[in-house]
Amino acid sequence: MLTGSGLVLGGAAVGALSPGWARAGTDPFPGSADTTAGAAVPAVQVGPGDARYGALSTGFNQRFSGTPAYVAVVTTADQCLAAVREAVAEGRRITVRGGGHCYEGFVSDNPGGVIVDLSGMRAVGQDPAGGVALQGGCTNWDVYELLYKSYGVTLPGGSCYSVGLGGHVVGGGYGLLSREHGLTVDHLDAVEVIVVDADRSVRLVSARKGDPDTGDLFWAHTGGGGGTFGVVTAYHFRDLPAPPPVVQLATTTWQWSTLDPAAFAILLGNYGGYLAANSAPDSPARTLFALLRLTHVSAGTITMTTQVSGDDPAVLDGFLAALDAGMPAGAGPTTTRRVMPWVEATQTLDGSGPNQRGKYKSAYLCQPFPDRQIGAIWAALTDPGYSNPQALLQVDTYGCRINAVAPDATAVAQRSSIMKLQYQTYWTDPAEDDVHLSWIRRFYQSVYADTGGEPVPNGITDGCYVNYPDVDLQNWPALYFKDNYPRLQAVKARWDPTDQFRHAQSVRLPGG
Ligand SMILES: Cc1cc2nc3c(=O)[nH]c(=O)nc-3n(C[C@H](O)[C@H](O)[C@H](O)COP(=O)(O)OP(=O)(O)OC[C@H]3O[C@@H](n4cnc5c(N)ncnc54)[C@H](O)[C@@H]3O)c2cc1C
């Protein structure tokens, strides 16, 4: 039922956005908790003994299940303010849950504290100045469904529908349209964020791009990472792209049994070589995005999903031909291709997978894989001492429009990479933790053995992705943030001077 000019909550529009959304301390989504019946959804505190407590204290990654004093589930910015005020008054540490997809225990690991859960804040709206606004509890699903169906635009966000914008955007989220349209944060215009002052007063601030007072707080939300500066109740975007009406989706499969070290090296060399030649900001191949899943040999196959905007086959044909160049006879892949509406592809691609235990590591790569790294990757994926079809190195294409932005324009400093690597392994039995953690640590250490076991920024590798956090990293500030870290620390000092919002890898106060 439409009752206003376009605020959509769970499929029901509930009123126009306030023209005053940009004013500090105002709720950009007045009445957003109203249902079509007009009743506000109350905030709830879920504590031990409540049937919901276990589920709400556990992340998507089931390695992390916490013991907070309670989980505060909120449905409006006002409720969120009240929840933060109460926690601060009680002297409890606050962690924030958006979509719950953190790779580490940054949300759950809060014994005796308060988890503020924004998953009831999922309104999508249009602001009078022409942008769109999304509440802090929205998921990619809300973006791809509600934003697209209501306004015909999208965010170049991640491939998994259940990921929350709460952490995704503030970490610099990217996805299948990012080579064509940049990162999510490249379109960010303002954030509504609850902060805690030095005197422990709590307020909602509208931080806007370029604003002399709040511009730095805004900038910190363009890649500084979640759970670090405050609670984001809403993101505002401007100049969002329209997605292509249709896309080509290709699934390519190589049989491990047809590959030897030489063929594997040719394949990875071809992949990197293609990207080195086709990742300039205006490259015609910016419409292409591929996810190469180098699965452990026990899976039997290596697979790749490629999406290309539109139905012209030229870019996809050229890419697949480039990957096949020089491959031995018999090591060629099979590929199935389909053309489908873009919005259907967002659902077809869903990479969320089941909730399991998992461990992840990441790296940016500015050049094709060095030969020594290819050898280390082959060795880890064919390690006879390890067997897990759910263990892999995923190599995503990167670059093009992402690299049209200066390293200090947003908090995402990595603006010259052509690939983003994600090391992953999944399992279900806690008794197996050591086996899987040990394998992925050995794998990573061996690939970056030349640079101290980490992908340091050196023109070949370029650090790590803060949205794929990894508590094993020793020098995480430099790996995640490079030269932007001191500025992030200055923002922290001004806007979270008591370090209220902190976790194992949150930006430290200066000197910390
Ligand atoms: C299956 C899967 C697929 C993924 N695919 C992609 C992808 O394609 N592209 C990509 O870029 N990333 C991807 N990611 C990584 C994803 O971007 C991060 O895990 C992201 O931080 C998740 O945000 P969340 O709100 O769901 O998680 P949460 O666990 O709720 O939060 C993650 C961090 O952000 C903080 N946070 C959450 N909400 C808020 C808020 N409202 N205000 C302030 N801080 C907040 C939390 O405190 C925590 O520190 C994927 C992750 C998973 C598990």
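Predicted model: local features only at pLDDT ≥ 70, side-chain atom pairs only at ≥ 80, totals over all residues.
Select Asp433 and Arg357 to start: their side chains form a salt bridge, with the closest N and O atoms 2.9 Å apart. The two residues come from distant parts of the chain, Asp433 from helix α11 (residues 433-447) and Arg357 from strand β16 (residues 357-365), 76 residues apart.

Next, select Glu104, Lys359, Lys361, Arg441, Asp470 and Asp472 together. Salt bridges with shared partners join these residues into one network.

Now go to Asp213 and Arg494. Their side chains meet in a salt bridge, at 2.6 Å from N to O. This pair also links distant parts of the chain: Asp213 sits in the loop between β10 (202-208) and α6 (215-220), while Arg494 belongs to helix α13 (residues 485-495), 281 residues away. Show the surface here. Asp213 is partly exposed, at 42% relative accessible area, and Arg494 is partly exposed as well, at 44%.

For the last pair, select helix α3 (residues 140-151), which holds both Lys149 and Glu145. They are four residues apart, about one turn of the helix. A salt bridge joins Lys149 to Glu145, with 2.9 Å between the closest N and O atoms. Which partner is buried and which is exposed? Glu145 is buried, with a relative accessible area of 17%, whereas Lys149 is exposed, at 59%.

To continue, display the remaining salt bridges; the structure holds 25 in total.

Definitions and conventions: Residues numbered from 1 in each chain as written. Heavy atoms only, no water. Salt bridge = Lys/Arg side-chain N within 4 Å of Asp/Glu carboxyl O. Buried < 20%, exposed > 50% of the residue type's maximum accessible area, 1.4 Å probe, protein only.
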